[in-house]
Amino acid sequence: MAQMKPYVLVAVFVLLIAIQGTLVQGVGNNNGNGNNGNNNGNGNNGNNNNGNNNGNGNNGNNNGNGNGNNEDHDDLAPLESGQEQAKCKAKGHCKNKVLVCPAQCPEKKPKKNRKHKGCFVDCTSKCEVTCKYRKPNCNGYGSLCYDPRFVGGDGVMFYFHGEKGGNFAIVSDDNLQINAHLIGSRPQGRTRDYTWVQALSVMFDSHNLIIAATKVSHWDDSVDSLTVRWDGETITIPTDGEAEWRSAGEERQVGVERTDGANAVRVTVAGLVDMDVRVRPIGKHENKVHNYQLPENDAFAHLETQFRFKNLTDLVEGVLGKTYRPDYVSPVKIGVPMPVMGGEDKYQTPSLLSPLCRLCRFHFHGAPAGINGILATV
């Protein structure tokens, strides 16, 4: 065979480089939702929200920790040391790898959550196990805490005031809507309400799940002030054994698991969202420091929550949801003590269980289950 001419070799080399570049672009342009788009990922290194790479590798739409319903890994028998292990089944370079929990946190569900960290299995590109307390991180991505303060999918912190007694769409997408009901107080001389999230409703398919803080006059950490309702019926979360409740006979599994003796749970809705939720009060010191002027007979029990979304679309809406859009750029003023996000008129809903607002996208699939009469009991 005649020797290949140099200019032909150069042409082949250039063609190979072009093909490789196309493949790299196709792999890297993933927003963590299982959709094509920009990388909406929120990693550990801050708010890289230029529209092309928003970070979120750990806490974004597909965080892959799999500690809820094991969507991305299969549990294996523990080692003799008691360390649990899992075999990843999520797509990517971590597929079929076995990850072993560290000796510092050998179990994914430690019995004493407040004192012991749990093992988090991450079968995403990070392909690792880490030790974390199983409770909301109010400074983490997708958090909703305080009065109320959000950290968006872009890593930017902002406040949203709303109004006491109001209901607002936190997330509204094709297959999921999460509304928040606010309680609050307006001290004399104030021009707006102080507000906190008292209840969340998670709506999907034809179902609804409500997580609410019960009104109490005086707070006691050992007394459960958390109410959970599934399609209109109050459910009881066991306190022993696996300490969890799971839906039966549903195509999309739902689980609610205690992460402390009282007032803390992890909620999983397969393929849509994981939520760490806890109930806490406004203490006397906090009331005095912030001059809330709250009445003596109401502890203003409210929710602190951190969300981890899965399979959001690029057109997701909601006070928090829109911050997960791949092209989202936050309008809040960075660096001010209290950056405020508006949008009350766009996201206010008629009730806690209504999917209707000016920009809401969600529609129930079929007749909503068990909604009548729920609001009177929340």
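Biologist: Let's begin with the whole chain. What makes up the protein in terms of helices and strands, and how much of the protein counts as buried?

Modeller: Happy to! The predicted model has three helices and 19 strands. Of its 378 residues, 52% count as buried, and buried here means under 20% relative accessible area.

Biologist: What share of the contacts between residues at least 6 apart in sequence join residues at least 24 apart?

Modeller: That share is 55%.

Biologist: Now to single residues. Why is Q83 called buried?

Modeller: Q83 has a relative accessibility of 18%. The cut-off for buried is under 20%, so Q83, at 18%, counts as buried. You will find Q83 in the loop between β1 (73–76) and β2 (85–88).

Biologist: How do you know that the side chain of Q83 makes a polar contact with the side chain of S81?

Modeller: Their polar atoms are 2.8 Å apart, and the limit for a pair of N or O atoms is within 3.5 Å, so the pair of side chains qualifies as a polar contact. The side chain of Q83 also has a polar atom 2.6 Å from the backbone oxygen of C101. Beyond its neighbours within four places in sequence, Q83 is in contact with residues including P78, V100, C101 and P106.

Biologist: Why is C88 called buried?

Modeller: C88 has a relative accessible area of 1%; buried means under 20%, so C88 is buried. C88 belongs to strand β2. Among its contacts, leaving aside neighbours within four places in sequence, are H73, C94, L99 and C123. C88 and D122 are 34 residues apart in sequence, and their C-alpha atoms are 8.6 Å apart in space.

Biologist: What about S225 and A243: why do they count as buried?

Modeller: S225 has 3% relative accessibility and A243 has a relative accessible area of 12%. With the cut-off at under 20%, both therefore count as buried. S225 sits in the loop between β12 (207–213) and β13 (226–230), and its contacts outside four places in sequence include A212, W219, N263 and V279. A243 is in the loop between β14 (233–234) and β15 (244–246). Counted in the same way, the contacts of A243 are I237, P238, V256, E257 and R258.

Biologist: Why is N175 called partly exposed?

Modeller: N175 has 35% relative accessibility. Buried needs under 20% and exposed needs over 50%, so 35% puts N175 in between, as partly exposed. N175 lies in the loop between β9 (167–172) and β10 (177–185). Although N175 and F362 are 187 residues apart along the chain, their C-alpha atoms are separated by 6.2 Å. N175 touches F362 as well, along with M203, F204, D205, L272 and H365, not counting residues up to four places away in sequence.

Biologist: Which residues line the largest cavity, and what is its volume?

Modeller: N175 turns up again here: the lining consists of D173, N175, L176, L272, K310, N311, L312 and T313. The volume is about 50 Å³. By class, the lining has three nonpolar, three polar and two charged residues. The search of the whole structure finds three cavities of 30 Å³ or more.

Biologist: What makes the phi of Y146 and of N291 worth a look?

Modeller: Most residues other than glycine have a negative phi. Y146 is not a glycine, yet its phi is positive, about 60 degrees. N291 is not a glycine either, and has a positive phi of about 55 degrees. Y146 is in the loop between β6 (143–145) and β7 (149–151), while N291 is in the loop between α2 (284–290) and β19 (302–309).

Biologist: Why do Y146 and N291 count as partly exposed?

Modeller: Y146 has a relative accessible area of 31%, and N291 has 45% relative accessibility.

Biologist: Last one: which residues touch the most other members of the largest nonpolar core?

Modeller: They are I178, L200, V202, M275, F307 and F309, in a core of 53 residues. A second, separate core has twelve residues, including C101, C123, C127 and V129.

Conventions:
Residues are numbered from 1 along each chain as its sequence is written. This is a predicted model: local features need pLDDT of at least 70, side-chain atom pairs count only at pLDDT 80 or more; totals for chains, interfaces and linings use all residues. Side-chain values use heavy atoms; hydrogens and water are left out. Helices (H or I, at least four residues) and strands (E, at least two) are DSSP runs, numbered from the N terminus. Buried means under 20% relative accessible area, exposed over 50%, partly exposed in between (1.4 Å probe, protein chains only). A polar contact is a pair of N or O atoms within 3.5 Å; within protein, one must be able to donate a hydrogen and the other to accept it, and residues adjacent in sequence count only if both atoms are side-chain atoms. Contact means heavy atoms within 4.5 Å. On a 1 Å grid over the protein atoms alone, a cavity is a set of points where a 1.4 Å probe fits but cannot get out, and a pocket is an open set with protein on both sides within 12 Å along at least five of seven lines; lining residues have an atom within 4 Å of a point. Grid points are joined across faces, edges and corners, and a volume is the space filled by probe spheres set on the points. Ala, Val, Leu, Ile, Met, Phe, Trp, Tyr, Cys and Pro count as nonpolar, Asp, Glu, Lys and Arg as charged, and the others, Gly among them, as polar. A nonpolar core is a set of buried Ala, Val, Leu, Ile, Met, Phe, Trp, Tyr and Cys residues joined through side-chain atoms within 4.5 Å.
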